[in-house]
Amino acid sequence: MHIPKQKFKEIVLNSGIVEEADYQKSQEEAKRSGLSIENVLIGNGHITEQYLIEILAKYLELPTVDLSNEKIKFSDIELISESDAKKKQLIIFGKEKGFVKVAMIDPLNLQAIEYVKTKIGMPVKIYITGQNDIQKAWKRYKKDIGKEFHEIIKRNVEKTKSEKGDIKKIAQDLPVISILDTILDYAIAHNSSDIHIEVFEEKVIVRYRIDGILRDIVELPVNVHMAIVARIKILSNLQIDEHLTPQDGRFKFKTEDQSVSIRVSIMPTFHGEKAVMRILSGSARPLSLTELGLSEHNLKLVNSGIKKTQGLILVTGPTGSGKTTTLYSILHLLNNPEVNICTIEDPIEYDIPRINQTQVNPKTGITFAEGLRSFLRQNPNIIMVGEIRDKETLEMAIHASLTGHLVLSTLHTNNAALAIPRLIDMGAEPFLISSTLNIIIAQRLVRKNCPKCLSSQEVENDTIEIIKEQLKLNPYNKFDIKTFDTSYNAKGCKNCNNSGYHGQIGIFETLKISQSIKDLIVKKSSGDKIKEVALSENMIPMFEDGLEKIQTGQTTITEILRAVRE
């Protein structure tokens, strides 16, 4: 922003929200990472984006705008091209008598304002908005993709069907390139995490995973399947003529404003090869733990655990539950010039400044265990291991945490307490586990209610009974069912593709390794016994964490029961 650094600091500190020491640390981090001071302050949880916008708007004497609540016409936003809007960090979101309304991240960018005036030939009224808000609004440029998607696919499918000859040549011809590029563009525009291309006897189905749920997007004729898969293989440097062996790879895909990594998995099936593409797109700033969904209770436990200079921190949950994202957020908090941080990952999902990240590569002998062993010769303070999969990796992680290192990793278990017997089953000595474990975080992802079509309603008696049954599993629960008389549901609108949900949030439980838990570990107690003692020591289970999010309108009881019902 074009506000002098000292003036910006004065505005933020005068708000009373940010302490001077925190601002100073954030300023140093901004210099190291290349991120703006605003993004660092927000990412570290020192101030919310909304509050920062409000205090800047007050200083600049400008109105603010929440673009998610604006009905933006495509005819208005297209007055400025998408590339220019992103380059100048603005969007036109409406017209009034004699002028256009322009939302900007930096309303002091006079050059950008003059450009808009000249381009459209009308005076402008400037509003200030946040980065997250404007990024969501930019996606409305892609609105026409939805209308044209099937036409683009159909047009290019017809061209592909008429092609004959070498499959490698066909895969590099324009129609197939256009089909795959359109599938990828549309997926990125709709915040998809995965693309599934599945072949059956008479058709190919393309599905996207959006907010954790798979949705059918388009059906293609079966005779274009081989060309599309071959195109994916070419981009990923895989063997085109191999059809009976699973293959994994990755490639970069460039949209107009960003470059994303695509992780590819090809698997032989009965009717041909299935391709799954995972979209790995780094954001401008890491999400804070609060933004991920950690409650104040869990946040205190996590902050206490990561302040220790040694020990083992585990994040558990099934595939796709956000474990790696949580680890990245913790690494962001720990990342400072006084420490050396190394990670061994499969894959590297986000590039983090000043952190040494290594990709698992079995072909060259780089496994989790071998990478961890090598890191110990690199003088690290903090080590992140993408996943503990075997006894060797586990033993190395325990050894590292015993010798003065803070080790972070993930494990596949249903809840926090079950992680301990799982570690013992993998061959770890109980007394070593009790000596090294700091905290265990268990999590799931649930869909968030769409804020645009959200409405409250009275909780039905059947729902109350289901909740009561679940609460009986925790004899120490403090949740007052009498206060649970209202829930929230979204009816569905254009903003959420009529699903009622938009985005995801985590539900968590955090197990602190107290002395009584350590005693149970040494005795090889069951997961149920460990959970019972943890609950007696005020651990809040995921279900009750979810109930709190229902009461604040963030999600629904259907989502919570889908994620954690026992």
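What volume does the second largest pocket have?

Author: In this predicted model, the second largest pocket has a volume of about 360 Å³. Its lining is made up of 20 residues, and those closest to the centre of the pocket are Met1, Ser36, Glu38, Ile105 and Gln131. Two elements, α3 (37-43) and α4 (49-60), each give two or more residues to this lining. The largest share, four residues, is that of α4. Sorted by class, the lining comprises eight nonpolar, seven polar and five charged residues.

The structure contains three aromatic pairs. In one of them, the ring centres of phenylalanine 93 and tyrosine 127 are 5.1 Å apart and the ring planes stand at 80°; because planes over 60 degrees apart count as edge-to-face, this pair is given that description. Phenylalanine 93 belongs to strand β1 (residues 90-96) and tyrosine 127 to strand β3 (residues 124-128), so the pair ties together parts that are 34 residues apart in sequence. Both partners are buried: phenylalanine 93 has a relative accessible area of 3%, and tyrosine 127 has one of 10%.

Another pair is formed by tyrosine 186 and tyrosine 208, whose ring centres are 5.9 Å apart; their planes are at 45°, so the pair is tilted. This pair also links distant parts of the chain, with tyrosine 186 in helix α11 (residues 174-189) and tyrosine 208 in strand β5 (residues 203-210), 22 residues apart. Tyrosine 186 and tyrosine 208 are both buried.

A ring also takes part in a contact of another kind. Lysine 88 lies over the face of tyrosine 115, at 4.5 Å from the ring centre.

Glutamine 89 is a residue other than glycine with a positive phi, near 55°. It is placed in the loop between α6 (82-87) and β1, β1 being the strand that holds phenylalanine 93. Glutamine 89 has 28% relative accessibility, so it counts as partly exposed. Aspartate 211 likewise has a positive phi near 55° without being glycine. Its position is in the loop between β5 and β6 (213-221), and β5 is the strand in which tyrosine 208 lies. With a relative accessible area of 11%, aspartate 211 is buried, whereas glutamine 89 is partly exposed.

Note on methods. Residues numbered from 1 in each chain as written. Predicted model: local features only at pLDDT ≥ 70, side-chain atom pairs only at ≥ 80, totals over all residues. Heavy atoms only, no water. Phe/Tyr/Trp six-rings, centres within 6.5 Å; stacked < 30°, edge-to-face > 60°. Buried < 20%, exposed > 50% of the residue type's maximum accessible area, 1.4 Å probe, protein only. Lys NZ or Arg CZ within 6 Å of the ring centre and 35° of its normal. 1 Å grid on protein atoms, 1.4 Å probe; cavity = no way out; pocket = protein on both sides within 12 Å on 5 of 7 lines; lining within 4 Å. Points joined across faces, edges and corners; volume = space filled by probe spheres on them. Nonpolar A, V, L, I, M, F, W, Y, C, P; charged D, E, K, R; others polar.
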